[in-house]
Amino acid sequence: GLEAVDRAIAELRPDSFKGYTVGDNTNKQLARHPWRMDDEKLLYPFYEKLVKAGLVNVCVHKGLYPYSTTKRFPELVQYADVRDVGKAAKDWPQLNFVIYHSGFRFTGGEWANGWEQFEKTGRIDWVTDLSEIPAKYGVKNVYGDLGQIFAQSTIAEPRLCAAMLGQLIKGLGADHVVWGTDAVWTGAPQWQIEALRRLEIPEEMQKKYGYTPLGAADGPVKTAIFGNNSARL
């Protein structure tokens, strides 16, 4: 694997690398080689190569692991959640860790489970855990991506979408949430763009949980999410 990294850096000159900690995410029954982001023996030599090459962005697929998938592949849950993000981010402050889907678990029509969990506990697997990493580990290099998570939640249960954005912005910062659409799965992204332009966190939710407003369509928060944060990265 490290030899492949060397070749990629030399020949392709990438701006970032992306990985799937569950192994073969599309064919989980074939996932014989799951890994953790904080595995010092396996991953830290990879991070070291990136730093030496001047690469700073590490994108990692997390979440999209509903209860139905958990029942079929319970052994992979520990790799699908975000328990391994904090230590890696703290040990490698030179790198930016962009967590795809922000660890949102309840895909595949299970949005109702996510909303039920939030109503009962004020938490959402594993978005809440991700948003708490900066405070727990004292880091500023963890980013949350909205691909797939936004498309599924804003249509099915916009209150859940608003809650997730509130948590991510509160915990990671508005400058650490990046736009994504997963357009290959959900079609042309213009409708998602319009949805975020119009979305606001309900005032009741803002007051209860301390979330800040998303603001105007062309305001600083949405402008940062739509493009400025990714441009900076």
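**Exercise 1.** Which residue in β5 does Asp-145 stand opposite?

*Solution.* The model is predicted, so local features need pLDDT of at least 70 and side-chain atom pairs pLDDT 80 or more, while totals for chains, interfaces and linings use all residues. Residues are numbered from 1 along each chain as its sequence is written, and side-chain values use heavy atoms, without hydrogens and water.

Step 1. Strands (E, at least two residues) and helices (H or I, at least four) are DSSP runs, numbered from the N terminus.
Step 2. Strand β4 covers residues 142-145 and pairs with β5 in the parallel sense over 2 bridges; pairing requires at least two DSSP bridges between the strands.
Step 3. Opposite Asp-145 stands Val-178 of β5.

**Exercise 2.** Find the order of the strands in the open sheet, and say which stand at the edges.

*Solution.* 
Step 1. The 5 strands run in the order β1-β2-β3-β4-β5, with parallel pairing.
Step 2. β1 (16-20) and β5 (177-178) are at the edges; each has a single partner strand, so one side of each lacks a neighbour in the sheet.

**Exercise 3.** Describe the ring pair of Tyr-44 and Trp-92, and state what the pair ties together.

*Solution.* 
Step 1. Rings of Phe, Tyr and Trp (its six-membered ring) pair if their centres lie within 6.5 Å; planes under 30 degrees apart are stacked, over 60 edge-to-face, and the rest tilted.
Step 2. The whole structure holds 13 aromatic pairs.
Step 3. Tyr-44 and Trp-92 are 5.6 Å apart centre to centre, with 90 degrees between the planes, which is edge-to-face.
Step 4. Tyr-44 belongs to helix α2 (residues 44-53) and Trp-92 to the loop between α5 (85-91) and β3 (96-100), so the pair ties together parts 48 residues apart in sequence.
Step 5. Ring pairs join Tyr-44 and Trp-92 with Phe-17, Phe-46, Tyr-47 and Phe-97 in a cluster.

**Exercise 4.** What is the distance between the end C-alpha atoms of helix α13, and where does α13 bend?

*Solution.* 
Step 1. Helix α13 (residues 220-232) has 13 residues, and a straight helix would reach 18 Å; the expected span is 1.5 Å times one less than the number of residues.
Step 2. The end C-alpha atoms of α13 are only 15 Å apart.
Step 3. α13 bends by about 50 degrees at Phe-226, the angle between axes fitted to the seven residues ending there and the seven starting there.
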